[in-house]
Amino acid sequence: MLSRLSLRAKLLGGFGTILLLLLVAGGSSLWAVHRLQQSIDDLAENWLPSVQALGHYKAAAMDARQLDTALLLYRDPAERAQRQPRVERAQAEIRDTWRTYEALITRGEEERLAANVRTLFAAYQQLYAEIHRLLQAHDDAAALRIFTDSRQNFEAYLGAVEAVIQFNANGSNL
C-alpha cells in the first residue's frame, strides 16, 4: 500500500505524523505545567500562609498563658494593673491571628479541625475569664486553683492547634 504512494505523499505523511506527535507532547506538557502552577499557587496562597498564621496564633496563645502565670505570681494589685494591658494585647493578638487564619480554612477536614480549636478555645476562655474575675476580687487562691486545673484544657487546646498546623504542613507537601 505504501509503495503506491508518491515520495511527496510519504514525506507529507511522515512530517504530519511527527507534527501530530509534537502537538500531543506539547499539549500534555502545557497541561502538566498548568497543574504544577496551580499547586504552586495553592501552596503560596493557602497552605504556607495557613501554617504561618497558625504558628503566630499558637505563639500568641502561649504568650497569653505565660502572662497569666505572671499575673498570678504578682500579689500587688498595682503591679497586676500595670501588667494587665500586656495581657489584653496578647488576647487581641490571639483573636487577630485567628481571624487571619479563618480566611484560609478549606472545606472538609480542615474545617472540622478548626471547629475543634474554636470549641477548646471557648472552653479555655471561660476559665480565663473566671481566673481574671477572681484576681480582681483578690481571691488569689481560687484563681491559682482554676489556673492549675486549666492546664489540661490549655494543653488540649494547643494540641488541637498543632493538629491543624500538621494538617496544613502535610497538605503543603507537593
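Modeller: Glu-130 and Arg-133 make a salt bridge, with their closest N and O atoms 2.6 Å apart; the term needs a side-chain nitrogen of Lys or Arg within 4 Å of a carboxyl oxygen of Asp or Glu. Both residues belong to helix H3, and three residues, about one turn of the helix, separate them. An α-helix has 3.6 residues a turn, so residues three or four places apart point the same way. Before going on: this is a predicted model, where local features need pLDDT of at least 70 and side-chain atom pairs count only at pLDDT 80 or more, while totals for chains, interfaces and linings use all residues. Numbering starts from 1 along each chain as its sequence is written, and side-chain values use heavy atoms, leaving out hydrogens and water.

Glu-130 is partly exposed, at 27% relative accessible area, and Arg-133 is partly exposed too, at 43%. (Buried is under 20% relative accessible area, exposed is over 50%, and partly exposed is in between, with a 1.4 Å probe and protein chains only.)

The whole structure has nine salt bridges.

Now the helix itself. H3 covers residues 109-136, and its end C-alpha atoms are 41 Å apart, in agreement with the 40 Å its 28 residues should span at 1.5 Å a residue; that expected span is 1.5 Å times one less than the number of residues. Helices here are DSSP runs (H or I, at least four residues), numbered from the N terminus. His-138 follows H3 and has a positive phi, near 65°.

Val-117 is among the residues touching the most other members of the largest nonpolar core, which has 35 residues. (Such a core is a set of buried Ala, Val, Leu, Ile, Met, Phe, Trp, Tyr and Cys residues joined through side-chain atoms within 4.5 Å.) H1, H2, H3, H4 and H5 each give two or more residues to that core, and H3 supplies the largest share, 10 residues.
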